[in-house]
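Hi everyone, thanks for making time today. Let me put the model up on the screen, and then I'll walk you through it.

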Amino acid sequence: MIRSLRGMNDILPPDNARFEYFLDTAASVAKRYGFTYIETPLLEETALFKRSVGESSDIVGKEMYQFTDKGDNDVCLRPEGTAGVVRAFVQNKLDRAGGIHRYFYHGPMFRYERPQKGRLREFHQFGCESFGVQSVYEDVTIIMMIADILGALGIGYRLKLNSLGDHNCMPQYREKLVGFLDAHEAHLCEDCLRRKATNPIRVLDCKNERCQIIYKKAPKLINNLCESCNSDFDTLKHLLEENGIVYEIDTHLVRGLDYYSKTAFEFVSDDIGAQSAIAGGGRYDRLVEFLDGRATPAVGFAIGIERLLELIAMPEASREGYYMGAMDTESLPQIMQLAKQKRMTQNVIVEYSPKSLKAHLKGADRIHARYCVVIGENERTEGKVWVKDLEAKTEAVIEAEAL
Ligand SMILES: [Zn+2]
Ligand SMILES: [Zn+2]
């Protein structure tokens, strides 16, 4: 028997209904906020992710599904969604068109990681990217939108917030931090020593407890922000408070790439164990430039769908649609005709094996149908149907035409 690859799952009942409900909910909220759907290829040039996600990251360094295709191109399956959207934005000259562009996407992402609970090699994300708005109001709006999506799904969360500064204040902070790391070099883990050289900001989210104790005394970026970053961060916090969104400051929430600036946030859930981040995002004002576009302010986020599924509170299923069946083979053509007509406006499931009335009622109940329609010999010869409303619990024999 051929099996699916390790870390790559089928989405079957009952998860399929949750998955679809998540997408419907998230997409409809995103549309209310002015985002439109964008689809980009699953396969891209490897260089795109090297430049955008960064070669020093685990994603690019260790986890990409990278190969040479038959045309000798170095390609890889997308490990995340933002890079492709920004590439499409630049390639289609939308950076030069000016104005505001807001997109949402969803689909599979691929990372060659060690599969474990809540971590797959093929997983699905829903994300939004907003281009062209410099104002921190857009950051707040996007955080409110995620809160709306999670709220609609009945998912509780904590919001973690940080500011990453910008090209004015980040380099100075980085120097300060490296000075601090130099002074504590003897006690740092190997990963942190490596990060000190390649990407010092990333030491702050090191998982090593000893490192974390040291970093409690490290200089904090939010105490080293320039005036513009500081006032945007204040506005952000103030607006969230005004809109009733509770947050906590997490000075170790970092992204560690130069194109990220100012707002960084993460939504976490305490209901799904150690892998607690369910959504993350922030401002990336310089990524469009990094990918050869015209400088364009941008802010976005992504939600990991699989991790959320078990947290979703599904709405109570109401009875809907029609179940139709025949009591004898001769009545099947009529049933088929009736189903054909009803399907123009309604969901119809037809049972093609002739059965007793009782068996059909059981079948209708099993699929949660609102109406059970049955034709037997009597109904067939008189051009009638037997119908039961399973919600109102009423039944009648009526003209087939009247159904
Ligand atoms: Zn460390
Ligand atoms: Zn700044």
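Let me start with one residue pair: W386 has V397 in β16 as its bridge partner. That pair belongs to strand β15, residues 384-389, which is joined to β16 by six bridges, with the two strands running antiparallel. On terms, helices (H or I, at least four residues) and strands (E, at least two) are DSSP runs numbered from the N terminus, and two strands pair if DSSP finds at least two bridges between them.

Before going on, a word on what you are looking at. This is a predicted model, where local features need pLDDT of at least 70 and side-chain atom pairs count only at pLDDT 80 or more, while totals for chains, interfaces and linings use all residues. Residues are numbered from 1 along each chain as its sequence is written, and chains are lettered from A and ligands numbered from 1 in the order in which they are written.

Back to our strands. Which sheet do they sit in? An open one of five strands, in the order β13-β12-β14-β15-β16, with mixed pairing. The edges are taken by β13 (348-351) and β16 (394-399); each has a single partner strand, so one side of each has no neighbour in the sheet. From one strand to the next, the twist averages 20 degrees.

Two helices go with this sheet. Helix α13, residues 332-342, lies across β12 (322-326), β13, β14 (371-375) and β15, and runs at about 165 degrees to β12. Helix α14, residues 357-366, also packs on the sheet, where it touches β12, β13, β14 and β15, and its direction makes about 150 degrees with that of β14. For those angles, axes are lines fitted to C-alpha atoms, for helices over the stretch in contact, and angles run from 0 to 180 degrees between N-to-C directions. Contact here means that the C-beta atoms of two residues, placed from the backbone, lie within 7 Å.

Now let's zoom out. The domain assignment, an automatic or database one, gives domain 1 as 15-169 + 225-309 and domain 2 as 322-402. Taken over C-alpha atoms, the centres of domain 1 and domain 2 are 49 Å apart. In total, the protein has 15 helices and 16 strands. Its radius of gyration is 27 Å, well over the 22 Å that the globule rule gives for 403 residues, so the protein is more spread out than a compact globule. That radius is taken over C-alpha atoms, and the rule is 2.2 Å times the number of residues to the power 0.38. The C-alpha trace spans about 95 × 55 × 45 Å along its principal axes.

How much of the protein is buried? Buried residues make up 35% of the 403. A residue is buried if 20 or more other C-beta atoms lie within 10 Å of its own, exposed if 12 or fewer, and partly exposed in between, with C-beta atoms placed from the backbone.

With strand β11, residues 298-304, β10 pairs antiparallel over five bridges, and R283 has V299 in β11 as its bridge partner.

Helix packing next. The axes of α6 (residues 136-152) and α10 (residues 227-242) come within 9 Å and cross at roughly 35 degrees. Contact is made by V136, D139, V140 and I143 of α6, together with D232, T235, L236, L239 and L240 of α10.

Finally, some backbone details for those of you who check geometry. The peptide bond from P13 to P14 is cis, with omega near 5 degrees, and P14 is in the segment before α1 (15-32). K93 is not a glycine, yet has a positive phi of about 60 degrees; this residue sits in the loop between α4 (82-91) and α5 (94-97). D292, also other than glycine, has a positive phi near 70 degrees and lies in the loop between α11 (287-290) and β11. Is D292 buried or exposed? Exposed, with 11 other C-beta atoms within 10 Å.
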